Amino acid sequence: IAATQPSTDWHLKENAREHHTSKFSSEELIVRRGQAFTITFNGAERPEQNLIFIAETGPKPSKTTKTLATFDISSTVSKEGWSAVLQSSSSSSVSISISSPHNAVIGRYRLSVQSGTSSPQSLGTFVLLFNPWSSGDDVFMPNKAECEEYVLEEFGIIFAGNKNHISSFGWNFGQFQGDILNICLAIMDRSLYYRQDPVTDVSHRHDPRYLGRVLSAMVNANDDQGVVLGNWSGKYEGGKNPSSWTGSGEILQSWKKSGFKPVKYGQCWVFAAVLTTVLRCLGIPTRTITNFSSAHDADGNLRVDEFYDADGNHLERGADSVWNFHVWNESWFTRNDLGPSYSGWQVLDATPQEESGGIYQCGPASRHAIKEGEVELDYDGPFVFAEVNADCMYWNYDSATGKKTLIFSKSTEIGASISTKAVGRDDRVDVTRDYKYEEGSAKEREIFKKARKKLGLEDKFDPTAPKQEEVEQKPDISGKFKVAGSLEVGKDLNLLLVLENLQSDAKTVNVNMTAWSTLYTRRRVNQIWKDSISVTLAPKEEKLFPIKIKYPEYQQQLTTDKTIQVTALCHVEDGIQVLVKRNITLDNPAIDIQVLGEAKVNKEVFVEVAFTNPIDAEVKDCVLQVEGSDLLQGILELRIPPLKASEKSSTKFKLIPSEAGPKHLLVNFSCDKFADIKTFKMVNVIN
């Protein structure tokens with residue numbers, strides 16, 4: 001080779017098109033493993049001169065760790081390792097097609113070429129990713145529409161609220177924007193696994209199972225100064241309220257800009273959304289999953305215990321809890337360690353809830369294994385199984401005597417309406433059946449017993465042989481809360497307590513009622529209201545008791561999760577207690593987006609956002625936040641003047657779309673009375 005440095009043409013456009021990497025905005029070649037890419041370089045003499053290529057990655061490349069490959073020009077693509085096939089050559093340049101193996105380590109590679117005995121010359125660097133379009137890859141996804149959604153789609157919908165009232169909001173994953181790929185590569189190099197043993201860590205990066213687990217640890221800040229710091233206190237000073245984020249880009253950029261200090265603050269959907277961005281960016285098909293009435297079983301007995309005092313207040317006793325909803329991830333890959341039937345969707349959870357292997361990481365747990373109660377299989381089966389299947393035990397706790405009495409237990413409470421976004425549409429798909437057999441069916445109970453048995457729990461709580469305090473007696477009355485009217489922030493809350501006498505003799509009942517504002521984890525924050533009534537129910541009689549909680553009563557107490565827990569503890573004379581409870585999520589008022597005219601690539605288009613103040617008081621400190629991949633750079637923040645009662649505000653701003661296709665604009669409006677009113681709009685951009 002001549003002494004000059006060879007100059008390389010990476011054929012960026014053509015290679016990116018072939019490798020489904022055109023959405024990255026990079027001057028560096030980004031390709032997927034197990035697939036050929038073409039490069040041309042000059043400065044080489046005739047290729048008969050035995051060119052040898054060297055591809056290497058990581059701090060100490062070696063052939064034994066598969067982080068170093070040397071290969072010469074051959075006539076066919078190698079089945080096993082790296083290979084180079086001559087495409088064409090002239091007196092000044094050579095075009096080569098280079099192929100990597102299906103199980104190559106992913107990451108940034110350095111490529112050099114050597115001719116004869118001269119020293120190697122650098123051709124530059126390229127990034128190698130997982131390849132869900134290639135049948136030999138562990139992440140191969142045969143359905144092309146699913147590849148589009150779970151790898152290439154930058155917009156997502158996350159479901160929230162509660163099982164009686166499912167709501168949703170948009171999220172900008174933005175995995176192809178700006179510097180996100182480099183940040184994802186940096187995340188891998190900052191994990192505890194890499195710090196302890198960089199050589200071994202890099203050599204495992206061919207395995208989506210390994211990387212999924214490592215990244216579930218790195219997305220939370222616990223243990224390793226990871227990306228997002230969790231906060232479930234209801235107080236978010238010194239950072240951003242978790243419900244104010246609208247995309248992962250701002251979070252990942254902030255983490256890098258601050259010198260890799262954890263970003264404040266996240267809750268479950270933030271961890272799940274950031275992990276989706278990172279895994280999609282690296283080429284692992286990934287989606288967010290919302291589980292309603294999600295159990296956090298801290299002691300591993302597949303049972304969640306909740307305690308109430310005599311007034312019906314939910315007590316913070318014990319580490320178990322039930323969240324209105326919890327968001328985690330599913331990633332798609334084979335489980336060579338478990339066998340073919342356990343391949344497909346795998347559960348990963350980056351929210352720091354319980355330690356696994358000494359650090360806060362969770363998964364991958366095979367979804368099929370969870371459904372079949374195979375909780376002993378790697379990783380974290382018991383925890384994930386409990387999230388969707390635990391039994392609930394409700395206790396009355398007397399703090400004076402320390403005595404606890406079982407009020408009732410329920411095996412159908414946990415794991416409802418498990419939801420994810422549809423492929424190619426902005427709709428909800430219910431995947432509950434993929435996690436468990438039908439609730440209340442014999443098969444579901446059989447699987448639950450199988451899981452308990454595998455964990456050696458069948459003796460501790462066997463419903464067929466209960467301990468004395470766990471005997472469930474038949475209640476004399478039943479009760480429920482019904483919603484009357486709308487559930488909207490700014491409006492009064494109207495409920496009905498319905499009590500029914502199940503017996504054929506009259507019953508006297510003393511009812512203690514409370515309403516608390518809570519977080520979505522059902523953690524109590526402020527008491528809003530309490531009341532008690534004494535009622536007599538004639539034989540088999542049903543009575544309705546209206547409850548009204550006025551907006552001014554709850555306005556100051558409400559958290560940004562807009563959730564209220566109402567309980568009524570009914571003390572039946574000469575009978576057992578009955579607990580009636582309901583978790584209520586209030587809706588924010590609506591906000592409207594209009595695109596004024598046609599959206600065209602590189603042309604200005606105006607957007608109008610309208611909001612009407614629905615309450616009888618002025619709202620101030622109004623801020624509008626707008627983002628959307630390929631529609632605008634970064635985040636647009638607009639301050640809006642205060643709005644009097646019933647006043648309408650309308651704000652205009654312009655977009656300059658950078659790419660054609662269906663794009664999503666996300667809007668977040670906040671003021672002193674309403675936090676984080678979110679909406680999104682699909683904008684069809686034409687050339």
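Predicted model: local features only at pLDDT ≥ 70, side-chain atom pairs only at ≥ 80, totals over all residues.
View 1. Beyond the residues up to four places away in sequence, His326 touches Cys268, Ile289, Thr290, Asn291, Ser294, Asp349, Thr351, Gln353 and Glu387. With one of these, Asp349, the contact is also polar: the side chains of His326 and Asp349 make a polar contact at 2.7 Å.

**View 2. The annotated active site.** An unreviewed UniProt entry carries the annotation "active site" for Cys268, His326 and Asp349. These residues are spread over 82 residues of sequence, yet they cluster in space, with a largest C-alpha distance of 9.9 Å.

**View 3. Cys268 and its contacts.** Cys268 is found in helix H8. Its relative accessible area is 0%, so Cys268 is buried. When neighbours within four places in sequence are left aside, Cys268 is in contact with Trp232, Trp323, Phe325, His326, Val327, Thr351 and Tyr520. His326, in this list, is also part of the "active site" annotation from UniProt.

**View 4. Helix H8.** Helix H8 comprises residues 268-282. From its first C-alpha to its last, the helix of 15 residues reaches 21 Å, close to the 21 Å expected at 1.5 Å a residue. Because 15 of the 15 residues of H8 are buried, the helix is largely enclosed by the rest of the structure. Gly283 follows H8 and has a positive phi, near 100°.

Methods. Residues numbered from 1 in each chain as written. Heavy atoms only, no water. UniProt positions renumbered as here; feature names shortened; annotations may be inferred. Helix = DSSP H or I, 4+ residues; strand = E, 2+ residues; numbered from the N terminus. Buried < 20%, exposed > 50% of the residue type's maximum accessible area, 1.4 Å probe, protein only. Contact = heavy atoms within 4.5 Å. Polar contact = N/O pair within 3.5 Å; in protein donor to acceptor, adjacent residues only side chain to side chain. Expected span 1.5 Å × (residues − 1).
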